[in-house]
Every structure is written in C-alpha cells, then in structure tokens.
Amino acid sequence: MKITIVGAGNVGATTAQRIIDNELANEVVLVDIVEGIPQGKGLDMYEATPITGVDVKVIGTNGYEETANSDIIIITAGVARKPGMSREDLLNTNFGIVKEATLKSIEKSPNAIIIVVTNPLDVMAYTAWRISGFERHRVIGMAGVLDTARFRTFIAMELNVSVEDVYAFVLGGHGDDMVPLVRYTTVAGIPISELLPKEKIEQLVKRTREGGAEIVSYLKTGSAYYAPSAAIVEMVESIVKDKKRILPCSVLLQGEYGLNDVFVGVPVKLGKKGVEEIIELKLTDEEKQALHASASRVKKIIDSLKFD
Ligand code: APR
C-alpha cells in the first residue's frame, strides 16, 4: 500500500502522521510546492518510526516522480481559510491547484483512488473527478465524516456522555450547507429528540455548520486540521482494510436522491474499490428539499468554472 498526500501543510502533514502511526501504508509520499517543507517534514516523520515501531517509508518531494503507483492519493493542496473568508473565497486559487495536483498525480498513478480534502470541498471533488476522467467510485470528497464528528462532539459535550455512544448522520454540502439527519441521530440507540429539546438540537446543528469557522476564528492564521485529518484517516482505513464502513462522503450522484452530475455528501460504503455502494435513504420532504438546495448551490459553482 502506497499513499501519496499532495499538500504537506497542516492537514496533509497531520494526515501523514496518522497514517504512519496506524501503519496503514508501507510507503507515504508527501508532495508540496514549497521547497524543503515536504522533505523536512517527511524525514522528521520517518525518523520517528524507529521509536513508534512502525515500518513505513516516508518520502518528501516537490515533484511527482516518487508518487508513481500510489494506491491512494489524498489532495489537501491549496490555500486555507483566513478569518472572514468563506470556503467559496478559496475557489479560484484552489481550482487551479487541484487541477494541477490531479493531473500530475494520475499521470503517475492511473489506478489510484483519489480522496479530495481541499475546499470548497464538493466543488473540488467534482474538479478532481472531471479532470481525472476516473470512474466515479475512485474519487471521493472528505466532508461528512468531519461534519458528523463535530456534531457528535457537541452532542456528547451537551449530554456529558461518551462521544463513542453518539451516532449521527449528515448529508449535503460541506459545512454551512450540511443537512443533518436528526432522525438518525442517537445516543446509545436513543433518538436525540428524546434527550434534548428541539431548540437545543438546532443550536448544536448551527454550531456544527459553523464548526470550521469557529476553529478559524480561534487560530486566526489557518483552519482546522486535527479533526479533518482524523476524518481522512477513517476513510483511508476503510479502503485499505476493505472494512466496508458506511460513512458520509461527497460523491458524484447519477440519479441517486434525484440528483445528477453533482458531488454532494451522502452515505456510502467504502472498501478496497473505493465507493462500493451509494446508500439511498428515504428522506422526508423537508430533508429532500434541504439536500436539493445544497446540491444546487454546489452545481451553480461548478457551472461557473472553466474546465477546458
Ligand atoms: N502543489 C502542491 N502543494 C501545494 C500547491 C500545489 N500546486 N499549492 C499549495 N500547496 C501547498 C502549500 O504549500 C501548503 O503547504 O498546500 C499546503 C496547504 O497547507 P496549509 O496552508 O497548511 O492548509 P491546510 O490547513 O493544510 O488546508 C488545506 O484543506 O481543509 C482544507 O480548506 C482547507 O483547502 C484547504 C486544505
């Protein structure tokens, strides 16, 4: 198993570290445009492996030669959000970066599975799919696992229970656009609606939607990376170990949920082939409306981009 991470910034480097610590690959390649950064971080991580006792070769590079024959490519390259910036503000810069990262990666690893992390997430995942020409099951956007984790954390904080017992599901676009399925949100099997009043749940949903911005407002010079990298690694693990976990991911819909040609978060089964199934839940009219509204916002941005 060889995993390439494009973008050796906060998200990319933390993801590499988690993959190495969990020995999810034999080889990890970090690629970045800044000279010295991927080399330095990569070597530093490699030098930790005799202590942590894992056999993972780590390479840092500014080119793509060393990425050849990767099984998974994780694209985190881009500019991160600053206070006051929306994910869409990142659009044009990150569009160019993701196009380049995709083209150069797939040239060396035509059979890889691509996981996209760069924001605006659903649009960048679509970009990687479109530019790569890959089948849709090999291009996956990371968003729902992170949004769900934030929601689960806030619920656990509110009820003073273990995060492990909180189960939640979100659909739709990343962050501000997410569609939480409160009906499917439970604590040890007990529906959340029996444990918290509606207004409280709405407050937690709002905090989850703004979860990325909350971290940006604290950090000021960057955006979240501990929870995002953990979310990426949960997806990677399901693929590497063929666990077939059901996780909310951004994928290309072709008729599912009545949507076409758009990347949006839905529950999928992740295994060694990538997306092995798209799970279609029965939605209420209200949920369906929210999902469609979120998808149409993503589509509008996609339509504004020039792919040729
Ligand atoms: N090729 C390779 N790496 C690039 C390129 C490129 N063309 N352009 C930028 N990079 C690198 C930067 O040099 C930097 O090291 O991408 C890295 C991004 O790292 P950070 O600025 O630390 O950003 P990070 O917090 O990791 O977020 C990356 O993930 O969650 C999203 O919104 C976030 O889009 C952002 C991405």
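How much of the chain over residues 146-304 is helix and how much is strand, and how far apart are the end C-alpha atoms? In this predicted model, that stretch is 43% helix and 25% strand, and its end C-alpha atoms lie 27 Å apart. The range itself comes from UniProt, where an unreviewed entry lists residues 146-304 as "domain: Lactate/malate dehydrogenase C-terminal".

Now let's turn to a helix pair. Helix 1 (residues 10-21) packs against helix 8 (residues 226-240) at an angle of about 50 degrees, and their axes are 9 Å apart. Helix 1 is therefore oblique to helix 8. The crossing of these two helices is right-handed. The residues that meet there are set out below.

| Helix | Residues in the contact |
|---|---|
| Helix 1 | Val 11, Thr 14, Thr 15, Arg 18, Ile 19 |
| Helix 8 | Tyr 226, Pro 228, Ser 229, Ala 230, Ile 232, Val 233, Val 236 |

Sorted by class, this contact of helix 1 with helix 8 has eight nonpolar, three polar and one charged residues.

Next comes the ligand. Which of the 29 residues around the ligand come nearest? They are Gly 7, Gly 9, Val 11, Ala 77 and Asn 119. Helix 1 and helix 3 (91-108) are the elements that give two or more residues to this shell, and helix 3 gives the most, with four residues. By class, the shell around the ligand divides into 15 nonpolar, eleven polar and three charged residues.

Methods:
Residues are numbered from 1 along each chain as its sequence is written. This is a predicted model: local features need pLDDT of at least 70, side-chain atom pairs count only at pLDDT 80 or more; totals for chains, interfaces and linings use all residues. UniProt positions are given in the numbering used here, feature names are shortened, and annotations may be inferred rather than shown by experiment. Axes are lines fitted to C-alpha atoms, for helices over the stretch in contact, and angles run from 0 to 180 degrees between N-to-C directions. Angles under 35 degrees count as roughly parallel, over 145 as roughly antiparallel, 65 to 115 as roughly perpendicular and the rest as oblique. A crossing is left-handed if the near helix is turned anticlockwise from the far one by less than a right angle, and right-handed if clockwise. Two residues are in contact if their C-beta atoms, placed from the backbone, lie within 7 Å. Ala, Val, Leu, Ile, Met, Phe, Trp, Tyr, Cys and Pro count as nonpolar, Asp, Glu, Lys and Arg as charged, and the others, Gly among them, as polar. A residue is near a molecule or strand if its C-beta atom, placed from the backbone, lies within 6 Å of it.
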